[in-house]
Amino acid sequence: MLHDIISAYSANKEEVLAWIQNLRDHVKGPIYNSVDLRNSGFKITSVDTNIFPAGFNNLCPDYTQKTGTLLKSYLEKHHPNTQKIAIFPESHTKNAYYLENLKKLQKIIEEAGYEAQISDTEEELKTSDLILTNNDFSGGIPKVLESLPTPVIPNPNLGWFQRSKYEHFLHYAKLTKDFAKILKVDPWFFTPLTVKVENVNFQEKEGFEKIASASQKLLVQIQEKYNEHGITSSPYVFIKNDSGTYGIAIHHIENPEEILGMNRKTRNKLSTGKDKTAVTDIIIQEGIPTIERFNGMTGEPVIYLIGNTATGGFFRLNEEKDEKSNLNSRGMQFTKLCFHEMFGYENNFPECDLECLEELYFRIAEIGSLASGIEMQEIENLPI
């Protein structure tokens with residue numbers, strides 16, 4: 001199956017690149033974002049897109065340099081008078097890994113030729129030419145950002161306090177349909193089937209019949225696709241917070257009866273998102289098993305982008321999880337995704353070397369980024 005996907009991409013590569021460039025010309029992407037991918041061997045798809053990515057400290061030197069170059073080009077095009085940039089961080093700045101991310105992001109900006117400081121006070125923010133938000137705003141927009149004269153990017157209205165995964169994947173599915181048309185293959189190879197269920201209460205078990213019914217229908221759809229393409233593994237789905245991040249409030253099931261019999265511990269886990277926000281709307285999304293392994297650990301690639309152009313990434317690994325699990329959870333660690341340095345990478349495909357696989361990952365991540373760019377266009381005129 002992977003051989004067919006790669007062959008189709010290779011045969012139509014120039015048309016794909018022209019199509020993506022045309023989209024870039026019409027869709028202004030966020031200054032940066034990251035896309036989580038899953039490669040099951042029979043499909044490769046985005047399963048999440050983060051418009052306020054952390055993790056820049058996990059990029060290898062080659063990708064770091066490329067990130068700085070693309071960042072400079074983006075700012076010269078869209079914010080040409082910028083000299084001083086304020087990075088607006090998350091509030092939990094005691095997290096050592098997140099602090100490393102901020103320092104790396106600051107260094108990338110400085111090496112691109114700008115002055116950069118990490119700031120969250122009104123006095124410091126007012127003295128900058130541009131505010132770069134590195135905060136996903138799960139709890140809403142902080143008052144300090146309201147009515148500032150300084151441009152703020154990405155727009156905080158793209159924060160998880162109102163952003164919808166379901167809406168994002170609607171945009172993504174439309175783009176992957178066009179992508180698959182160029183390749184003359186089934187769009188399902190690049191798209192996770194996704195449905196939305198609203199007005200649920202995990203604490204009170206409200207809406208569980210709706211979740212079970214929607215899960216059953218989706219599992220049937222997935223099984224039909226498995227039958228169509230000769231896939232023998234068993235389908236499963238993820239329940240995800242529609243406005244969620246950090247791998248919080250995610251659970252996978254293989255039988256809808258698991259919903260109706262869900263215990264209190266699992267209900268508690270699903271009831272609350274980041275910053276203790278209540279989960280009321282969910283998506284049910286096709287589970288994509290991963291065939292990625294690195295030094296014996298289960299993995300998935302995370303691709304970083306600047307202005308809809310892939311710049312690099314890394315592997316999220318988790319030795320405590322299997323190929324069906326959410327890897328963005330306890331036990332996760334990271335390794336750099338510079339493919340030419342990937343000693344210990346176990347998925348060497350005869351039909352595609354690592355550079356070829358990296359290229360395909362980049363194209364699919366760019367489609368995810370373009371989908372978030374369409375989201376950005378829809379909210380761009382909303383006041384901060």
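Helices (H or I, at least four residues) and strands (E, at least two) are taken as DSSP runs and numbered from the N terminus. The model is predicted, so local features need pLDDT of at least 70 and side-chain atom pairs count only at pLDDT 80 or more, while totals for chains, interfaces and linings use all residues. Residues are numbered from 1 along each chain as its sequence is written, and side-chain values use heavy atoms, with hydrogens and water left out.

Glu110, Glu111, Glu115 and Asp129 form a negative patch; patches consist of residues with over 30% relative accessible area and no salt bridge, with like charges joined within 9 Å and nonpolar side chains (Val, Leu, Ile, Met, Phe, Trp, Tyr) within 5 Å. A salt bridge here is a side-chain nitrogen of Lys or Arg within 4 Å of a carboxyl oxygen of Asp or Glu. Glu115 belongs to strand E4 (residues 115-118). This residue counts as partly exposed because its relative accessibility is 49%, where buried means under 20%, exposed over 50% and partly exposed in between (1.4 Å probe, protein chains only).

Ser147 lies in the loop between strand E5 (130-134) and E6, and its phi is near 65°, a positive value in a residue other than glycine. Ser147 is exposed, because its relative accessible area is 71%. Lys205 also has a positive phi, near 60°, and sits in the loop between strand E7 (194-197) and helix H7 (208-228). With a relative accessible area of 39%, Lys205 is partly exposed.

Finally, Ile153 and Pro154 are joined by a cis peptide bond with omega about -15°. Pro154 is placed in the loop between strand E6 (152-153) and helix H6 (165-183).

Technical notes. Accessible areas come from the Shrake-Rupley method with a 1.4 Å probe; for residues, only the protein chains shown count as cover. Lys and Arg count as positive and Asp and Glu as negative; His and the chain ends are not counted. The place of a charge is taken as NZ of Lys, CZ of Arg, CG of Asp or CD of Glu.
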